Amino acid sequence: MAGVGGGGASAGGVTGVAGAAGGVIGAGVGGGRGRGRGARRERRSSTRLQRMSETEEEVVWTRPQHVLTKKGTAGQSILLRTNYYQVMARPEWCLCVYHVAFTPDEPRTPVRKLLLRQHSGVIGHCIFDGAQMFLAHKLPRDPMELASRRPDNGSPYTVRIKFIREIPPSDTQFLQIFSILLRRCYEYLGLTQIGKHYYDAKREVQHPKHQVAVWPGQVSSIRQHEYQVLLMTDVIHKFLRLDTVYNLLRRLHTTNPNNLKWAAGREVIGMVVMTRYNQRTYTISDIAWDLTCLSKFAYQGSQITYLEYYQKAYQVAVRDPHQPLLLSKPRKRDLRRGQKGNIYLIPELCVPTGVSQSMKADPRLMQDLAASTRLSPDQRVKVLEKFNDALFTNEKVKTELDQWGLTFSRELSQVRGRVLPGEVLTQAHRSFTYTGSDGDWAREVKDVPLSVCREVGRWVLVFPARLRQEAEELVVALRKVTPTLGMTMPPPTMESLLQGDGPQDYLKALGKHMGVGLVVCVIPNTRLDRYVAVKRHVCMVMAAPSQMVLAKSLQHKGRLLSIVTRVAIQINCKLGGEAWTVQMPLRNTMVVGYDAYHEGGRRGGASWGAVVASYNQSLTQYYGQVTRHASHQELANNFSAAVTNALAHYARVNGCLPERVLVYRDGVGDGQLAYVKDTEVAAIRNCFAAFNFHPGFSFIVVSKRIHSRLFAEGASSGRPVNPPPGTVCDDVITLPERYDFFLVSQRVTEGTVTPTSYNILVDQNTNLDPDRHQRLAYKLSFLYYNWMGPVRVPAPCLYAHKLASITGQAIHDSPPPSLADKLWYL
């Protein structure tokens, strides 16, 4: 029905077949040079099959041709377990694709499936997308012709089946077929599909105090890895509110009676909701204030109200017929299903999903949710083993796998990894080695001068009158800690807010202090509109760095000096200073980080892309630029232009261009690798060519939102524990078509650590072997000055993330050029 968020379960049935288990699929595929057998050139996959599989993953060959091995040797060997199970198949197992034609022609896919299904005894179980049929065996005759009849009227058809090819494990279609098979197994296990993933509604954990429910779920994929086809599986969680969007709108009406539309828009637009009557998710694009449940639309030749439609289609009752409707624009898959107009939803029937910003700001709520979702390595392994047991004990799953001639290993796959040597950090005259035994190095750098200190100069401290004591204590503490850090910080101009502490009160006070080099504000709480207004004004109008200090943090007397020390380090870095350095063997090298912030919290709309590039030998000073883009092509153009500007700045500072340019690209989702390689990499190369510049060049995709896990063995307990910082995995679970590795750079004491994936798309004349790439990635994780410890991704990626986020959330404009060479966004 056009215009209404109807629709039941997603379309696309699956049928399957085959025999007994035995051998290993895809053995011996990895490790070769170029596109060997089993890693052949990617063919364009069926659009229908992609829709049925509901996966955006694809096999894209990005491994540089000259790379013979991706395995490093540096560090101490460590045996790791992973969250992968080996996929085993019967001997001579193969995945085949056949073309199916009908005479006379039958354009309707459901009818085609009925006609083919009549011969399941001859063909065996298969997956049929309406044009191509996929089997786990070869048919005895090729071509094969069969006679079918329409069940409804007996019309005769000839079904002609012709072999096309065997699908190698390195093919995207192979991945899609197994995605369909996994979805069927999830359904047999009684899991509920929400969006792309499956959850166990029967194991719902409710937190009535916070009006939140948690559904545990499972995410899995089967694809060719280095030597074998492996099943990756991990635990995920879905957060559902126990109230509705209608309740949220009523609360906003109470708190913002004169500005409801603005407040509701900020809270609801971009929100992902679930309709419990069909358990589908929708992203809210707008609120249709001019429509209510009593509004009418054309439906099956007559006019019907939205209230009547939902009662008729889903047997749901709506209490308030006058509530406005929510508007959701159709997604690509909705358009493919024939959904042309906007989708209108009733707030009372919509449950918000996920965790909102206000919820994230509630430490007690987040602590309670973490207790339900943060699994220790030992707990996670037990859940993975329980899922494996379910695959072997559920009769429907066993039948499905038997028919496809498949089974899974009962043991998690193991891999030999390495722990990289500890890194030597230097802060002024003090050097020490970080070995990972502690989560940070705060004790080692206490009372030690910073590596590079900047003079603070004139600065102003703005605070509400009722927080004068906290402001004065902040000044006293700064005057105490800055000399030990090597900083010179004169007394500030004290600006007290006498009337209030709203955004306009701060802006009015700041208007008196144009020309200062630093603005520090003591704020009573985390109110967003105040933060946005102050940050934007100080950046765009005053062209100065700013530091916000929460009054509550200054009230912890026992921790005051520790907190203020961190504030002082941030201030120094925002003014262009450096906190510490790491030994960097590479000279004349520029590292570049890129990340994007998507307005509304999702891709598809306008976004802010940030590029930060180092311009000194120790890779600690960064030149940052951020621009807005509304399309992929605009992103590539802006990216290239930013690299050009960064090279010009590097040349101004150093008197020459760098010998190497290493780009770390964050924020690349599934299905975007081909675009990044063909468009963004090409744009940067064109930038080099325009200046007749030929540096060593690497382009590395950094992915932190992955589901791969690594487990070490506890020295005393023997139970699964998190591997130590510096752990590298570059074998077994990596992909043969990539030059990739996994790195655990930070120490995690709560929950299970997630390694970061590094995929080197380009490695041209850099003279960096796998060891040097891996060690450089680890070194760069030490140079993020907002944390006294290694972070998950290289520092330039995290700086780019901070720059993009603060611009998209608060600044909404490209910052002044005078701030480009400072970490003002830290």
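A crossing is left-handed if the near helix is turned anticlockwise from the far one by less than a right angle, and right-handed if clockwise. The model is predicted: local features need pLDDT of at least 70, side-chain atom pairs count only at pLDDT 80 or more, and totals for chains, interfaces and linings use all residues. Residues are numbered from 1 along each chain as its sequence is written, and side-chain values use heavy atoms, without hydrogens and water.

Helices (H or I, at least four residues) and strands (E, at least two) are DSSP runs, numbered from the N terminus. α18 passes α19 in a right-handed crossing. Helix α18 spans residues 632–654 and helix α19 residues 673–690; their axes lie 9 Å apart at an angle of about 35°. Axes are lines fitted to C-alpha atoms, for helices over the stretch in contact, and angles run from 0 to 180 degrees between N-to-C directions.

Contact means heavy atoms within 4.5 Å. On α18, the contact residues include Phe639, Val643 and Leu647. On α19, Ala683, Ile684 and Phe688 are among them.

Two strands pair if DSSP finds at least two bridges between them. Both sheets below are open.

| Strand order | Pairing |
|---|---|
| β23-β22-β28 | antiparallel |
| β14-β13-β20 | antiparallel |

Strand β22 (residues 423–427) pairs with β23 over five bridges. Gln427 stands opposite Arg430 in β23. The edge strands here are β23 (430–434) and β28 (581–582).

In the other sheet, β14 (280–283) and β20 (350–352) are the edges. Strand β13 (residues 272–275) joins β14 through four bridges. Val272 has Thr283 of β14 as its bridge partner.
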